[in-house]
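Look over the sequence and the structure below.

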Amino acid sequence: MFPATFVSRSKMVDDIDGDCYTKIEKAYNAGMPFFTKAAIREAVRAIDSIVLDGRSDETVPITGIDGATVSFRLRMGEIISGSSTFILKQPLLCYHPIEMMMGLIEPCGACSPSAHDHECACLPMAVCHEADKIDRSTKEIIHYFPISPKLKIQVEFLAYHDKWRASEGFDGLKSIFEGQDGAVKVPHGVNKVVAFGLGSLAWWGQRENSASQHALVLSVRDFLQARGLGKVACYAQDPDYQAVDKEILNLSGITVLDDPRAFLEVDETSVVVSIHPGLPVRQVVADIARPAVMIWHRDTYKQLGPQKADPTSPRVEQMLEKHYVEVEWDFDHKLFGDTAVYVRKI
Ligand SMILES: C[S@@+](CC[C@H](N)C(=O)[O-])C[C@H]1O[C@@H](n2cnc3c(N)ncnc32)[C@H](O)[C@@H]1O
C-alpha cells in the first residue's frame with residue numbers, strides 16, 4: 001500500500017506526543033467512537049466523486065480525534081519507481097487501531113512514518129492506494145503469485161466447499177444457527193452476511209483457507225435462508241481479490257465490495273465473518289454496530305499474538321462481554337484459526 005497525498009489540515013498540529021495522546025486517551029475513555037459510518041460514507045462519497053465523476057479538484061477528508069480534518073489527494077495511475085516499479089490502483093482506507101494511535105504498536109506501513117508523527121497523528125483512518133507491481137518497460141502487471149485458470153479455481157472451490165460441508169465444523173455451525181445448540185438463539189431478522197479479509201481464491205498459498213472460509217460464508221447464508229425469512233445478501237471485501245475471484249464469488253452469490261464499502265453494510269441484521277484479516281475489523285465493528293453474530297478469532301487484549309493487524313481492545317472486550325455470548329465450536333483450526341461464534345444476547 002502507498003499513502004495518498006496529504007494536502008491540508010484544518011487546524012495547526014499540536015504537540016503530538018503529549019497533547020494528541022492525551023486527547024486520544026481521553027476521547028477513548030469517554031466512549032467517543034473513533035470509526036463512524038458517517039466518516040466512512042463521506043470518504044466513499046469523495047472517492048466516488050473523484051473516481052467515477054472525474055472531479056480531480058476534490059480531496060478525501062478524514063477528521064481526527066482532535067477535530068482537525070485532513071484532506072488527501074488521490075494518486076491513481078501514478079507510477080512509483082524504486083528497486084521495483086509499482087502503479088497505484090484504487091484507493092482504500094487504512095484503519096488505525098487504538099494501540100497504534102497510542103504509539104504502542106508500529107504505525108501502518110502505508111502511513112508510516114508521517115501519519116504517526118505529524119499531521120495525521122490523531123486520525124483513526126488514512127487514505128491509501130493498493131498498488132500493482134509492474135514491469136518497468138512494458139508496464140505489464142507482475143503478479144506476486146501465478147493466477148490459475150478460472151475453471152481450475154472454480155473446481156477447487158467446489159471441492160473445498162464439499163469438504164467443508166462434510167466436516168464437523170459445518171455440523172456445529174449449523175446447529176448454532178438452527179438453535180439446536182440450546183445455549184443461544186440467533187436473533188430473528190438477520191438478512192446479511194458481511195465478510196472481511198478472507199483472501200484470494202486464486203493464490204495457491206492460502207487457497208484452501210480462503211475457499212473454506214468463503215464456503216462457510218455461503219453456508220451461513222443458507223442456514224439463514226432456511227429460516228424462511230426472505231433473501232439473505234452476502235458481501236465480501238478484500239483488496240487482494242483478483243478479477244477471477246470477483247467473477248467466481250459473484251457466480252456463487254457473494255457480492256464483492258471495494259474497501260471501505262462493506263463496513264457500510266454492517267448493522268444489527270448482519271453476521272460478520274472475519275478470519276485473520278489484515279485490518280482491525282473488530283475495533284471498527286465495535287464502534288459502528290452491534291451485529292447479530294460475529295464469527296471471528298478470539299485472542300484477547302493481552303494475547304495479540306499473530307493477530308497484530310486485528311488487535312482487540314478494551315472497547316472490543318467490553319462489547320463482547322456485555323452484549324454477546326461466545327459459543328464454542330469444533331472445527332479445523334488450520335483453516336479457520338482460533339475462531340469463535342459470538343451471538344448477540346438480544
Ligand atoms: C493474513 S491474510 C488472511 C487470509 C485468510 N483469511 C486466511 O485465513 O488465510 C489477511 C487478509 O486481509 C486482507 N485485507 C487487508 N486489508 C483489507 C481491507 N481493507 N479489507 C478487507 N480485507 C483486507 C488481505 O488482503 C488478506 O487477504
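Met 125 touches Phe 35, Ala 39, Ile 40, Ile 62, Leu 93, Cys 94, Tyr 95 and His 96, leaving aside residues up to four places away in sequence; contact means heavy atoms within 4.5 Å. This is a predicted model, in which local features need pLDDT of at least 70 and side-chain atom pairs count only at pLDDT 80 or more, while totals for chains, interfaces and linings use all residues. Residues are numbered from 1 along each chain as its sequence is written, and side-chain values use heavy atoms, with hydrogens and water left out.

**Met 125**
- Met 125 is part of strand S7, residues 125-134 (strands are DSSP runs of E, at least two residues, numbered from the N terminus).
- With a relative accessible area of 1%, Met 125 is buried (under 20% relative accessible area, 1.4 Å probe, protein chains only).
- Tyr 95 is 30 residues from Met 125 in sequence, but their C-alpha atoms are 4.6 Å apart in space.

**The ligand**
- The ligand is surrounded by 16 residues, and the closest include Gly 197, Gln 213 and Asp 238 (a residue counts if one of its heavy atoms lies within 4 Å).
- A polar backbone atom of Gly 197 is 2.8 Å from a nitrogen atom of the ligand.
- In the side chain of Gln 213, an N or O atom is 2.7 Å from a nitrogen atom of the ligand.
- An oxygen atom of the ligand lies 3.3 Å from a polar side-chain atom of Asp 240.

Definitions and conventions:
A polar contact is a pair of N or O atoms within 3.5 Å; within protein, one must be able to donate a hydrogen and the other to accept it, and residues adjacent in sequence count only if both atoms are side-chain atoms. Helices (H or I, at least four residues) and strands (E, at least two) are DSSP runs, numbered from the N terminus. Buried means under 20% relative accessible area, exposed over 50%, partly exposed in between (1.4 Å probe, protein chains only).
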